[in-house]
Amino acid sequence: MANERIILGIDPGTTIMGFGLIKVVNKKMEFLQLNELQLSKYDNHYQKLKIIFERTIELIESHHPDEIAIEAPFFGKNVQSMLKLGRAQGVAMAAGLSRGIPITEYEPKKIKMAITGNGNASKEQVAKMLQQLLGLKTLPKNLDSTDGLAAAVCHFFNSGRLEIGKSYSGWDAFVKNNESRVNK
């Protein structure tokens, strides 16, 4: 793992796209920026996609992230909303891929779990925990930007893991399979 890297986190959306940037120096996080892209003023869905692509490219060119973490669309009841959200995510991913930046996708529950320890945490709980972790003075009105920042922090927490993708049924199973890591 490099001594210094920048992670761009994105919470894709066609109404609001949230994003956050962190810098990792010697395995410590530093907050760089969080913001949102307001898209509700545009009526044309294709225009929104174009703006998402262009803004993502701008972020890449101005901050030079080494990695991108993006929130995966969650499965809702409205198929049209899901389709639009998937397109927004795809366009943001295409912008990163066009610049050769590796992309990691995280389920919303995994992001919440990484930040708060609770996969069902609210947006407010995630934002408050990020405020504590990164020393943010204030939180934005809309929490889409903190959701983007949460994706970046989740990626930071998961990037040093030796066994990615391994799951356990509970603490007992984890301890049993990792006895050498337990302090007695």
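Visitor: Which residues is Glu71 in contact with, leaving aside its neighbours within four places in sequence?

Guide: Glu71 is in contact with Ile10, Asp11, Pro12, Gln89, Tyr106, Pro108, Ile111, Asp147 and Ala151. Contact means heavy atoms within 4.5 Å. This is a predicted model: local features need pLDDT of at least 70, side-chain atom pairs count only at pLDDT 80 or more, and totals for chains, interfaces and linings use all residues. Residues are numbered from 1 along each chain as its sequence is written, and side-chain values use heavy atoms, without hydrogens and water.

Visitor: Why is Glu71 called buried?

Guide: Look at the cut-offs. Buried means under 20% relative accessible area, exposed over 50%, and partly exposed in between (1.4 Å probe, protein chains only). Glu71 has 12% relative accessibility, so it counts as buried. Its place is in strand E4 (residues 67-71).

Visitor: What makes Gln89 count as buried?

Guide: The relative accessibility of Gln89 is 7%, and therefore it counts as buried. Gln89 lies in helix H2 (residues 79-98). Helices (H or I, at least four residues) and strands (E, at least two) are DSSP runs, numbered from the N terminus. Beyond four places in sequence, the contacts of Gln89 are Pro12, Ile70, Glu71, Ala72, Pro73 and Glu105.

Visitor: Which residues does the "active site" annotation cover?

Guide: In the unreviewed UniProt entry, it covers Asp11, Glu71 and Asp144. They are spread over 134 residues of sequence but cluster in space, with a largest C-alpha distance of 11.0 Å. A "binding site" annotation in the unreviewed UniProt entry also covers Glu71. Treat such labels with care: annotations may be inferred rather than shown by experiment.

Visitor: What makes Asp144 buried?

Guide: Its relative accessible area is 17%, so Asp144 is buried. Asp144 is placed in helix H5. Not counting residues up to four places away in sequence, Asp144 touches Asp11, Ile16, Gly18, Phe19 and Lys123.

Visitor: Why is H5 called largely enclosed?

Guide: Of its 16 residues, 14 are buried, so the rest of the structure largely encloses H5. For the 184 residues of the protein chain, 42% count as buried.

Visitor: What makes a space a pocket and not a cavity?

Guide: The test runs on a 1 Å grid over the protein atoms alone. In a cavity, a 1.4 Å probe fits but cannot get out. A pocket is an open set of points with protein on both sides within 12 Å along at least five of seven lines. Lining residues have an atom within 4 Å of a point.

Visitor: How much space lies in the second largest pocket, and which residues are closest to its centre?

Guide: About 450 Å³. Among its 24 lining residues, the closest to the centre are Asp11, Pro12, Glu71, Phe74 and Leu85. H2 gives the most to the lining, with 4 residues.

Visitor: How many helices and strands are in the protein chain?

Guide: There are 6 helices and 5 strands. Along the sequence the pattern is β-β-β-α-β-α-β-α-α-α-α.

Definitions and conventions
Points joined across faces, edges and corners; volume = space filled by probe spheres on them.
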